[in-house]
Amino acid sequence: MKKITRRKFIKISAAGTAGLALSGMLLNATPKLADYFDDEPLDESEAEKTATYCEVCFWKCAGWVYKNKKGNIQKILGNHDDPNSNGRFCPRGTGGVGFYYDEDRLKKPMIRVGEGENASFKEVEWDEALDLIAKRLGEITKQHGGESVALFTHGSGGTYWGQLLQSIGSTSIAAPSYAQCRGPREVGFIATFGEGVNSPEPTDIENTKCMVLIGSHIGENMHNGQVQEMSKLIDRGATIITVDPRFSTAASKSKFWLPIKPATDLALLLAWIHIIIYEDLYDKDYIEQYAFGFDQLKAHVKNFTPEWAEGITTLRADDIRKTAHEMHEASPAVIIHPGRHVTWYGDDSQRLRAVAILNALLGSWGRKGGFYFPEKMKAPSLPHAPVPKPNKVWKEALKGKYTLAGLALASGICDATIPDNTGQQDFKAWIVNGTNLIKTLPNEANTIKAIDALEFMVVVDTMPSDITGYADVVLPECTYLERWDLPRFSQHRIPSVALRMPAAEPKYDSKPAWWMAKQVGIKMGLSSCYEYDTFEEAIDWQLKQVGTSLEEMKRIGVKQFKRTKPMYLVDGQEYHFKTPTGKIELYSNAMAAEGFDPMPIFTAHAEPDPGFYRLIYGRAPMHTFSRSQNNPNLSDLMNENNVWVNPIIATQLGLKNDQEVWLENQHGIVSSFPIKVRVTERIRHDSVYMVHGFGHKKKQMSRAYGKGASDTELITNVKYDPVMGGTGMRENFVKFHTEKPEIKEVES
Ligand SMILES: Nc1nc2c(c(=O)[nH]1)N[C@H]1C(S)=C(S)[C@@H](COP(=O)(O)OP(=O)(O)OC[C@H]3O[C@@H](n4cnc5c(=O)[nH]c(N)nc54)[C@H](O)[C@@H]3O)O[C@H]1N2
Ligand SMILES: Nc1nc2c(c(=O)[nH]1)N[C@H]1C(S)=C(S)[C@@H](COP(=O)(O)OP(=O)(O)OC[C@H]3O[C@@H](n4cnc5c(=O)[nH]c(N)nc54)[C@H](O)[C@@H]3O)O[C@H]1N2
Ligand code: SF4
Ligand SMILES: [Mo]
């Protein structure tokens, strides 16, 4: 029997031809953004302004939204009291206005009607959509328990849906910013220092003398305050050492660029540790006072000489030695940057352990110019009825694996949604809020298989992104410029709170996530969980708990508070690290207790077969993941990605600049769309590079559809980190096709 795919990807946004005709019309009649604006420049002192914090990425810069005389949102500027932005927005934050004006936005709630090939979306009123959600979640909870419902979320809506999930007895609340991003870093640093790095990273770039970037491409990775601190560092003439197989923007500003062979960073780190220890370059007083396991570490790295690492990394032993000395000379004002997207090769927690250990040896943790101790205001969560005790917690779905995972794994939940050979299926329903799982989780086919096994899926988004095509119910959220959200409580040198309030009414029939989640909760009989009438009331209550109020925050946008503890370690004072020994653990007892290597070791990773090149990916300053390609302002700045190819390879294969190619990976998966070649010395001969987030498959994304290629599509080999389940995504290899090869289907 032919298998009917129940959850066939829906290509048209709404049922019937009306939807089609309308989208065609809109395409032709696309207004220019300039149409909304007055000709005269905006007078900031007179213009109406409202407070916000940005949701284009998760640095969460606070700023002011300005309206012009026509009452249209015209621009967003940074708030000068905000430690995350220092009064300036990055290009994406500035272009954020485009999310509000994007005429391709989701406009009305939609529900899936029909099965398989005949499925389409029907536009419905809010009540009908929310009734259906409450009914289906109620049934699934009753039949399989609340724990069978999972939430995938990235962004502010997660709090509200998360509260709903807890109220039905589920703890499975997963953000891709853990298992697809910074999870291994948190685990590596917690094992070493007893605390994670979190966001914004407490790297004291402002005061450092030497910063080492290992695959952190700050400058293209446009985390605002961090980029600002780094550009001051460059002006001061401090040292940057960049380790990257690609000559990144950061590499171009560096004293040393180490064009490492990809996947060998751990060998370099071990060699650096070897030099620092065996050439007596470590901070003896610091290690003596604070560290545990120095002797074991010394014995462990005995043979990891720079000459040993040269053979693995292709870097010269001399350069490895020279850069280690450079770090020592700056110490303790040195930062071996922990990076952020660190899920590369599957041994990532161990690589980040090595980064943490190197920082410890140089005495940079808790020291000026190294890592400071950040502070954050503790805000109580909104009052709600007691949540039931869950029958099962998310960890149980991992079946004993990844024991050091600190947060729920998006990939783990996805895998546990696919029935195993005994028919066991841990998750029956998903709520997906603000995360485009199709492009976010590696191995797209696996994600679709999981979705296909679901009984019910709700997607909450602002745009008709790839993921919406698989939903049973699509809920259009209004943009961050049109809504209240809970205030931002960020960690930093100075604790602060920032307000987000609507600058305009929601366009179309879109609504904020807090409202949706509350309505579903009430419809499910959980009204006691929502002890507030208006959301302003809830925000005001929360602000008052930390010593401000909505009235004050509307005026100032950001409020700073006083620190309560020293920013750095204090000489002569005891410090208790939250590790098993209370010390910085060079030898990790927590890792050993779980059966993992207590000190990192290097193991070789797979190499590309002849004719294949390693696929690596990263960021462009004007885009965020896959969320910004359709934004009219940002697509104006960059509307497709290229594949970077080394000239030697280009010559061998006869590839020219701007030539369109299709990429095929080691599993025979071919990119849905062609991508243009960029021939450049800036990439090693064994790798190719592209910016993540392009290659959109939904035609309703009229500016983004078919532009460039998707890295995610080609990432089908996933290297799971045994320690915490992070998904290593850089062991995928591609070859080139200059003609379009036979491919199955462009729209999944
Ligand atoms: N192949 C590959 N995969 C990756 C990465 C990579 O570089 N390459 N990077 C990884 C990293 S580091 C991270 S952090 C994750 C990021 O993963 P995601 O956060 O999932 O990234 P996006 O692709 O931007 O998807 C965001 C979705 O939210 C929607 N959205 C935007 N604003 C709003 C809003 O205000 N409300 C709602 N409800 N929806 C909104 C967008 O339209 C989009 O559909 O991806 C990870 N996955
Ligand atoms: N403009 C913009 N900025 C962003 C984001 C965005 O979407 N857009 N997203 C934010 C988020 S959530 C994250 S997590 C960060 C991600 O940004 P980063 O933390 O900087 O991390 P990656 O994306 O892993 O870094 C990509 C770099 O790693 C290099 N690389 C690839 N393989 C290797 C290797 O084997 N060894 C070494 N040493 N280097 C290698 C690539 O050439 C590239 O320069 O960016 C943040 N900032
Ligand atoms: S770094 Fe840019 S995109 Fe990210 S929050 Fe700040 S202004 Fe917005
Ligand atoms: Mo990330």
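Predicted model: local features only at pLDDT ≥ 70, side-chain atom pairs only at ≥ 80, totals over all residues.
Helix 9, which spans residues 265-278, packs against helix 14, which spans residues 348-361, at an angle of about 20°, and the two axes lie 10 Å apart. Because angles under 35 degrees count as roughly parallel, helix 9 is described as roughly parallel to helix 14. The crossing in which helix 9 passes helix 14 is left-handed. On the side of helix 9, the contact is formed by D265, L266, L269, W272, I273, I276 and I277, which meet Q350, R351, A354, V355, I357, L358 and L361 of helix 14. By residue class, this contact of helix 9 with helix 14 comprises 11 nonpolar residues, one polar residue and two charged residues.

A polar atom in the side chain of H154 is placed 2.5 Å from an oxygen atom of ligand 1, whereas N436 contributes a backbone N or O atom that lies 3.1 Å from an oxygen atom of the ligand. A nitrogen atom of ligand 1 is found 2.7 Å from a polar side-chain atom of E477.

Around ligand 2 there are 31 residues, and those that come nearest are H217, D244, D265, Y345 and H623; D265 is also among the residues of helix 9 that meet helix 14. The side chain of H217 places an N or O atom 2.7 Å from an oxygen atom of ligand 2, and an N or O atom in the side chain of R730 is 2.9 Å from an oxygen atom of this ligand. From the backbone, an N or O atom of R340 lies 3.1 Å from an oxygen atom of ligand 2.

Technical notes: Residues numbered from 1 in each chain as written. Chains lettered and ligands numbered in written order. Heavy atoms only, no water. Axes fitted to C-alpha atoms, helices over the stretch in contact; angles between N-to-C directions. Helix = DSSP H or I, 4+ residues; strand = E, 2+ residues; numbered from the N terminus. Parallel < 35°, antiparallel > 145°, perpendicular 65-115°, else oblique. Left-handed = near helix turned anticlockwise from the far one by under 90°. Contact = heavy atoms within 4.5 Å. Nonpolar A, V, L, I, M, F, W, Y, C, P; charged D, E, K, R; others polar. Polar contact = N/O pair within 3.5 Å; in protein donor to acceptor, adjacent residues only side chain to side chain. Near = heavy atom within 4 Å.
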